[in-house]
Amino acid sequence: MSRGGGFGESPARVYDAGVISQELLEILACPKCHTKLQLKEPDQLRCPRCKVLYPIVDGIPVLLIEEGKPEGGASSSPSP
Ligand SMILES: [Zn+2]
């Protein structure tokens with residue numbers, strides 16, 4: 001049997017998930033010190049004052065103090 005329709009292929013268009021717009025970036029602030037955040041990686045925001053990195057999940061910044069990871073230095077995750 002042959003299948004009809006061309007819906008089996010993955011869509012060419014890729015979601016913009018993980019990309020924060022400049023406008024959004026302007027209004028984002030560190031939950032600790034309320035300093036404007038910088039986009040360090042496509043999926044990471046950085047507070048220049050706290051030196052903390054906040055993750056961006058599916059294009060949504062997770063600005064929770066407990067989600068913040070200290071920049072460099074003490075890394076809790078073991079690397080092989
Ligand atoms: Zn901060």
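The legends below describe several close-up views of a predicted model.

**View 1. The chain as a whole contains one helix and five strands.** Of the 80 residues in the chain, 11% count as buried.

**View 2. Strands S2 and S3 form a hairpin.** Strand S2, made of residues 44–47, runs antiparallel to strand S3, made of residues 52–57, and four bridges join the two. Within this pairing, Arg-46 has Leu-53 in S3 as its bridge partner. Four residues lie between the strands of this hairpin, and Lys-51 takes a positive phi near 55°.

**View 3. Strands S3 and S4 form a second hairpin to look at.** S3 pairs with strand S4, which covers residues 60–61, in the antiparallel sense and over two bridges. Here Ile-56 stands opposite Pro-61 in S4. This hairpin has two residues between its strands, and Asp-58, which sits in the turn, has a positive phi of about 55°.

**View 4. Strand S3 is also joined to strand S5.** The link between S3 and S5, the latter made of residues 69–70, consists of two bridges, and the two strands run antiparallel. Leu-53, the residue that is the bridge partner of Arg-46, has Lys-69 as its bridge partner in S5.

Key. Residues numbered from 1 in each chain as written. Predicted model: local features only at pLDDT ≥ 70, side-chain atom pairs only at ≥ 80, totals over all residues. Buried ≥ 20, exposed ≤ 12 C-beta atoms within 10 Å, placed from the backbone. Pairing = 2+ DSSP bridges.
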